[in-house]
Amino acid sequence: MEVAMDQIPRFRRGFRFQWEPAQDSYVLLYPEGMVKLNGSAGAILSEVNGQHRVADIVAILEQRFPDAGSLEDDVNGFLRDACQQHWIELS
């Protein structure tokens, strides 16, 4: 599956992204459980709002983390994996 820069990611129905103080990390909640996210996953998913295109998310993260260099491949790869896990959908 290919992720295009003009696609808009959205969380699938039943999934909720939030900061969980008890876990000291972002988590993705869904009816069957919870996924504890690492820092990179949390940073990417924090920009998924149903309005930002993939290109917008990349630009926001590159501005937030200027020393990281190009993040396009990392963001695209994570979003592809998140789609395969059925956490998000792309339109």
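User: Is Arg 64 buried, exposed or partly exposed?

Analyst: This is a predicted model, in which local features need pLDDT of at least 70 and side-chain atom pairs count only at pLDDT 80 or more, while totals for chains, interfaces and linings use all residues. Residues are numbered from 1 along each chain as its sequence is written, and side-chain values use heavy atoms, with hydrogens and water left out. Buried means under 20% relative accessible area, exposed over 50%, and partly exposed in between (1.4 Å probe, protein chains only). Arg 64 has 40% relative accessibility, so it counts as partly exposed.

User: Which element holds Arg 64, and which residues does it contact beyond its neighbours within four places in sequence?

Analyst: Helices (H or I, at least four residues) and strands (E, at least two) are DSSP runs, numbered from the N terminus; on that basis Arg 64 belongs to helix 2. Contact means heavy atoms within 4.5 Å. With neighbours within four places left aside, the contacts of Arg 64 are Ala 43, Ser 46 and Glu 47.

User: Which residues does Trp 87 touch, apart from its neighbours within four places in sequence?

Analyst: Trp 87 is among the residues with the most contacts inside the core. Apart from those sequence neighbours, its partners are Arg 10, Phe 11, Arg 12, Phe 15, Leu 28, Val 35, Leu 37, Phe 78 and Ala 82.

User: How are helix 2 and helix 3 oriented to each other?

Analyst: Axes are lines fitted to C-alpha atoms, for helices over the stretch in contact, and angles run from 0 to 180 degrees between N-to-C directions. The axes of helix 2 and helix 3 come within 10 Å and cross at roughly 130°. Angles under 35 degrees count as roughly parallel, over 145 as roughly antiparallel, 65 to 115 as roughly perpendicular and the rest as oblique. The two helices, helix 2 and helix 3, are therefore oblique.

User: Which residues of helix 3 meet helix 2?

Analyst: From helix 2, the residues involved are Val 54, Ile 57, Val 58, Leu 61 and Glu 62. Their counterparts in helix 3 are Glu 72, Val 75, Asn 76 and Leu 79.

User: How far apart are the C-alpha atoms of Met 5 and Asp 56?

Analyst: Met 5 is in the segment before strand 1 (9-11) and is partly exposed, at a relative accessible area of 25%. Beyond its neighbours within four places, its contacts include Val 54, Val 58, Glu 72 and Asn 76. Met 5 and Asp 56 are 51 residues apart along the chain, and their C-alpha atoms are separated by 8.3 Å.

User: What is the phi of His 86?

Analyst: Most residues other than glycine have a negative phi. His 86, in the loop between helix 3 and strand 5, is not a glycine, yet its phi is positive, at about 65°.

Terms used
A nonpolar core is a set of buried Ala, Val, Leu, Ile, Met, Phe, Trp, Tyr and Cys residues joined through side-chain atoms within 4.5 Å.
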